[in-house]
Amino acid sequence: MSATPPIAELSDRARDIFRRVVDGYLHDGQPVGSKTLAQAGLNLSPASIRGVLAQLEAMGLLAAPHTSAGRMPTERGLRLFVDGMMQSLEPSAEERAQIEARAANRGPVEEALAATTAALSGLSACAGLVMVPKREAVLRSIGFVPLGQAQALAVLVAEDGGVENRVVDLPADLGASALVEAGNYMTATLGGLTLAEARARIERELGEGQSALDAAARTLVERGLAVWSEDGARRSVLIVRGQGRLLDDAAAADLERVRELLDDLEGKQEVAALLGAASAGDATRIFIGAENKLFALSGSSVIAKPFRGHDGRVVGVVGVIGPTRLNYARIVPIVDFTAATLARLMG
């Protein structure tokens, strides 16, 4: 298929009719016929309107789902509309307040991200997506809870209030006092450090003989810290909220498409790769249908926007996914505002 023609190639009459067809389709998901357009105030006969519709169809911008139906925009036509004709609608004060309130959610950062993504999903009637690099916890305290003679639960409390638990195998003949001693030592020594910093300090102090711990407690400290070493891979955290919003009334007529979309959303690595591609540059990226291979079969659109921290580095990507029949003019600015809000949160 050839490239989408620039909007300047359309006559004023064709541009007006094309815009009306796209607006009507995005509003209710139904093809728009010449009779409807004639009744909308166009100073043209139905025959003249049909002629223009045929020209737009020949250009690959419109399609007729069946012979007697009206026209609907193709993915190529939607791209032309989004790039050359769309007039964005800024989020209302109420919409901005909803997003900011969710981002201000106290507790671990991931909870605030999930809450903000849920708000974005609700406002856009799409599934909301956010991806951020997995951040190493800054430690507040580490303690050990015995689970029996052979195991204990290592409890890590982070500065942001997050709590994680790991099961640790205990050295043979470990006394109960060693659990307390190891926990007190790790909390006093490692508080305020990241996991990588904590591991380096422990290795240095134990290697240089600076620790007064006995052998059993020293072994427990090493094992307690090692159970978190896997987190150093820093895999991305992908949060998806609002998949159920994809099952609207319009979707009932195209359940196969929705099933394909929900299946695609289960492929977290593929979705993360898509959002990663959207992180280049500062602009909002809009992938329409087959422009993105992941969601080509489900005929879906993705709107994604990277957000940056105070140092200017990209710290995440937020967006929505839904049918190609999205209210792009309204949703794009909401995604932009959400990205700005998350930039402040993550900065």
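At 1.5 Å a residue, the 16 residues of helix α6 (residues 109-124) should span 22 Å, and the end C-alpha atoms of α6 are 23 Å apart, which agrees. The expected span of a helix is taken as 1.5 Å times one less than its number of residues. Helices (H or I, at least four residues) and strands (E, at least two) are DSSP runs, numbered from the N terminus. The structure is a predicted model, in which local features need pLDDT of at least 70 and side-chain atom pairs count only at pLDDT 80 or more, while totals for chains, interfaces and linings use all residues. Residues are numbered from 1 along each chain as its sequence is written, and side-chain values use heavy atoms, with hydrogens and water left out.

The buried residues of α6 include V109, L113, T117, L120 and L123. Their packing partners are α5 (93-103), β3 (127-133), β7 (236-241), β10 (314-323) and α12 (328-346). After α6 comes A125, whose phi is positive, near 60°.

Helix α5 has a buried side of its own. E95, I99 and A103 are buried in α5. These residues cover an arc of only 70° around the axis, which puts them on the same side of α5; the arc is that of the directions from the helix axis to the C-beta atoms. Turned away from this buried side is a face with the exposed residues A93, E94 and A101. The buried residues of α5 pack against α6 and α12.

Confidence can be followed along the chain through pLDDT, the predictor's confidence in each residue, from 0 to 100. The chain has a mean pLDDT of 82, and 88% of its residues reach 70 or more. Confidence is highest in α5, at 95, and lowest in helix α10 (residues 255-265), at a mean of 70. Over residues 230-234 the pLDDT is below 50, and this stretch has 7 contacts in the model beyond near neighbours in sequence; contact means heavy atoms within 4.5 Å.

Turning to the strands, an open sheet is formed by 3 of them in the order β4-β5-β6, with antiparallel pairing. At its edges are β4 (139-146) and β6 (163-169), each of which pairs on one side only. From one strand to the next, the twist averages 20°. Two strands pair if DSSP finds at least two bridges between them; strand β5 (residues 151-158) and β6 pair over 7 bridges. L153 has V167 in β6 as its bridge partner. Helix α7 (residues 176-190) lies across β4 and β5 and runs at about 175° to β4, where axes are lines fitted to C-alpha atoms, for helices over the stretch in contact, and angles run from 0 to 180 degrees between N-to-C directions.

Two further residues round out the picture. I17, in helix α1 (residues 12-28), is buried, with a relative accessible area of 0%. Not counting residues up to four places away in sequence, I17 touches L37, L42, L44, I49, V52, L53 and L56. R79 has its place in helix α4 (residues 75-84) and counts as buried at 15% relative accessibility.

Technical notes:
Buried means under 20% relative accessible area, exposed over 50%, partly exposed in between (1.4 Å probe, protein chains only).
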